[in-house]
Amino acid sequence: MKSNVKFSKFSILLTTVITGVLFVGCVLTFDEKPTFYAIVFILAVLLLTSALYAPVSVSVSDESVVIKSLLKKHKIPLSKIKDIELFQPTMGAIRICASGGYFGYWGLFCEKDIGRYIAFYGKASDCFLIELHDGGKRVIGCKNPDVMCDYIKRRLI
C-alpha cells in the first residue's frame, strides 16, 4: 500500500516565500560575491536537507514502513513496531532539529504529551504515531492516515 503526502497551505506558502526570498537575494547580490555565496550556501543546504528528509510518500512493504523523500528512503521494520495509532501533533511541539513547515514537517521534535519523536509529515491532521519496541517514536503523515494505520496494524498481527 502506498499513499502520498499532502502539504498544508501554510507549508506550501512558507516554502514558496523562503525559497523566493533567497532566490531574489541571489539575484540582487550577484555582484557582491561574499554575500551571494553565503545566500547560495544557505539555499543549497535548505534544498539538500529537504530533499533528504521532506516526505513525499509513505508505503508499506512485507517487512517495513517506508517514508520516501526525494533522495532517501527511511525504513521502519515492522518487527520493531510496538504500537500504532492516529495522532495529531500540536502547535506546542518544540523543534529540536527540524523543519517547522519548509517542505513539510520533518526532523526531531519534542512534545509535552509524548516526549521526543521523529516526524515526517506535510499536514498535522493527516498523521499517525508509531511507537517502537526500543521506545522511539515516529509521527508520519499521508493522505488517508486512518486507512494506512489500519493496514499497518493488520500487518503487525
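Student: Is Lys75 buried or exposed?

Tutor: Lys75 counts as exposed, because its relative accessibility is 58%. The cut-offs are under 20% relative accessible area for buried, over 50% for exposed, and partly exposed in between, with a 1.4 Å probe and protein chains only. Please note that this is a predicted model, in which local features need pLDDT of at least 70, side-chain atom pairs count only at pLDDT 80 or more, and totals for chains, interfaces and linings use all residues. Residues are numbered from 1 along each chain as its sequence is written, and side-chain values use heavy atoms, with hydrogens and water left out.

Student: What about a nonpolar patch on the surface; which residues form it?

Tutor: Phe23, Val24, Val27 and Leu28 form it, with about 430 Å² of accessible area together. Such areas come from the Shrake-Rupley method with a 1.4 Å probe, and for residues only the protein chains shown count as cover. Val24 lies in helix α1, residues 9-28, and is partly exposed at 44% relative accessible area.

Student: How many helices and strands does the chain have?

Tutor: The protein chain has three helices and ten strands. Both are DSSP runs numbered from the N terminus: helices are H or I of at least four residues, strands are E of at least two. From the N terminus on, the order is β-α-α-β-β-β-β-β-β-β-β-β-α. The C-alpha atoms fill a box of roughly 60 × 30 × 30 Å along the principal axes, and 40% of the 157 residues count as buried.

Student: Why does Ile67 count as buried?

Tutor: Ile67 is buried because its relative accessible area is 1%. The residue is placed in strand β3, residues 64-68. Leaving aside neighbours within four places in sequence, Ile67 is in contact (heavy atoms within 4.5 Å) with Pro55, Ser57, Lys72, Lys73, His74, Ile76, Phe120 and Ile140. Ile67 and Ala44, by contrast, are 23 Å apart in space, C-alpha to C-alpha, and 23 residues apart in sequence.

Student: And Ser8; which residues does it touch?

Tutor: Not counting residues up to four places away in sequence, Ser8 touches Tyr105, Gly122 and Lys123. Ser8 is found in the loop between β1 (2-4) and α1, and counts as buried at 13% relative accessibility.

Student: Changing topic: how many salt bridges does a search of the whole structure find?

Tutor: The search finds one salt bridge, that is, a side-chain nitrogen of Lys or Arg within 4 Å of a carboxyl oxygen of Asp or Glu. The side chains of Arg155 and Asp62 meet in it, at 2.9 Å, N to O. This pair links distant parts of the chain, 93 residues apart: Arg155 is in helix α3 (residues 145-156), and Asp62 is in the loop between β2 (57-60) and β3.

Student: Are those two residues buried, partly exposed or exposed?

Tutor: Arg155 is partly exposed, with a relative accessible area of 32%. Asp62 counts as exposed, at 63% relative accessibility.

Terms used
Patches are made of residues with over 30% relative accessible area and no salt bridge: like charges are joined within 9 Å, nonpolar side chains (Val, Leu, Ile, Met, Phe, Trp, Tyr) within 5 Å.
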